[in-house]
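Student: I have a structure to go through and would like to understand the terms used for it. Could you take me through them?

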2 protein chains.
Amino acid sequence: MDNLINKIKSHIDLSSKAEEYVVSIAKELMVSKGDVLIRQGQVVKNTYFVKDGCLRAYCIDKNGKEHTLQFAIKNWWISDFIAIYNNELSTLTIECIADSKIIGFNAKLLDGIYSKFPEFEAFQRKNLERHVVSLHKRILNQLQLTAQERYELFLNQYPDIEQYAPNYHIASYLGITQQSLSRIRVENSKK
Amino acid sequence: MDNLINKIKSHIDLSSKAEEYVVSIAKELMVSKGDVLIRQGQVVKNTYFVKDGCLRAYCIDKNGKEHTLQFAIKNWWISDFIAIYNNELSTLTIECIADSKIIGFNAKLLDGIYSKFPEFEAFQRKNLERHVVSLHKRILNQLQLTAQERYELFLNQYPDIEQYAPNYHIASYLGITQQSLSRIRVENSKK
DNA sequence: AGAAAAAATAACCCTATGGTAAGAAAACTA
DNA sequence: TAGTTTTCTTACCATAGGGTTATTTTTTCT
């Protein structure tokens, strides 16, 4: 729990009451590789904060192919934000890809925190701003970089994810097949 | 100005003082097709709200190719949010692609509005949530749809943009060349 | 450790999209 | 409205990446 509280405190002054409240709605969980926390098509109840380990958010398209929207490692948040913010059923599946320690928050309770403790507003606004920036960058990278360049960037930006995610997960994040990624890796290893 | 004030009022209760403040920092502008409001590599001072017309945000890659991150029409916001939120120089160019009426806001003044009038916090949080949702959807679409499907979706989602944007802008938004888009259009017209 | 399952690589050919260049059409501009 | 510029289309070949299947390597499980 300290991870999260410290992370919050590094951005805002957290009153002890607010801290108590956060702790009161948090559920610490140990989850195992392969566990599915949110399943495509179901109601999304929770948002998760990763203390340790790795989770993945992906969708399955009409041909059964998986496409990874997000990985989440230590100190990242993950959920189906499309479903939560639009109040819809999940289009994503959230899956543990390594044994992980996570903190689950009921999305509705979490959403109520802003009226109870307005100091969270600015915190969340900054979080969302950073999130928007990273998404804008990802879109621009997808538009202008080759698969090879995107892979190199991915390894530089998220070196820790490689240890958890098999190559076909990474390929599905980069928008290529695992065979193409394998080819790229072979090319890179020749240099 | 009413557009914007009404839009805000449809989401939050706006005190008359807050409304006055918004008006006091807003600059109404008439801009012409071809005008560049933000230029790649420069300091980003403003965020723009479009009252009428159409603007476009794009970057130019190392080979000189343009990639469109965003179009903005009536009632949309546009700027280089990567630069503003990260306090960096612009990586994007913001250009008018039709004669437009817009409202310019100094980004720093706008950022100060939340401490002056906290009722804007929830408003902006919701805006950012919607923005995140649309970006998540765009990334998922880019991963799982063909160019043809992305073009159809684009026409359905943003039918108004077609009247302003030449095809090569749309192609650069979809992540294909204008030649490929032309081919797709020919195929579609055969049906 | 040995068996079974999962993941990665390889080799094949295929297809969607890219690059270049030229001509046609449309949109400005004087 | 004629001339100029921009945009769109077409056609050519080139290539990055996809689909399929088989094989090898690695990981997991008992």
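Student: What makes a residue count toward the surface near DNA strand D, and how does that surface divide by class?
Tutor: A residue is near a strand if its C-beta atom, placed from the backbone, lies within 6 Å of it. By class, the surface near DNA strand D has five nonpolar, nine polar and two charged residues. Here Ala, Val, Leu, Ile, Met, Phe, Trp, Tyr, Cys and Pro count as nonpolar, Asp, Glu, Lys and Arg as charged, and the others, Gly among them, as polar. A word on the source: this is a predicted model, in which local features need pLDDT of at least 70 and side-chain atom pairs pLDDT 80 or more, while totals for chains, interfaces and linings use all residues. Residues are numbered from 1 along each chain as its sequence is written, and chains are lettered from A and ligands numbered from 1 in the order in which they are written.

Student: Which residues come nearest to DNA strand D?
Tutor: There are 16 residues around DNA strand D, and A:Ala147, A:Ser180, B:Pro166, B:Asn167 and B:Ser182 come nearest. The largest share of that surface, six residues, comes from α9(B); helices are DSSP runs of H or I with at least four residues, strands are runs of E with at least two, and both are numbered from the N terminus.

Student: And which residues come nearest to DNA strand C?
Tutor: Of 15 residues around DNA strand C, the nearest are A:Pro166, A:Asn167, A:Ser182, B:Ala147 and B:Ser180. Helix α8(A) gives the most to that surface, with five residues.

Student: Why is the relation between chain A and chain B called a two-fold axis?
Tutor: Chain A can be laid on chain B by a turn of 180° and a shift of 0.0 Å along the axis, with an RMSD of 0.0 Å. The superposition is by least squares on the C-alpha atoms of residues with pLDDT of at least 70 in both copies.

Student: What makes β3(B) and β8(B) a pair?
Tutor: Two strands pair if DSSP finds at least two bridges between them. Strands β3 (residues 46–52) and β8 (residues 100–106) of chain B have six bridges in the antiparallel sense, so they meet that definition. Within β8(B), B:Ile103 is the bridge partner of B:Phe49.

Student: Why are β1 and β6 of chain B said to stand at the edges?
Tutor: The open sheet has the order β1-β8-β3-β6 in chain B, with antiparallel pairing. Both β1 (26–31) and β6 (77–78) have a single partner strand, so one side of each is left without a neighbour in the sheet.
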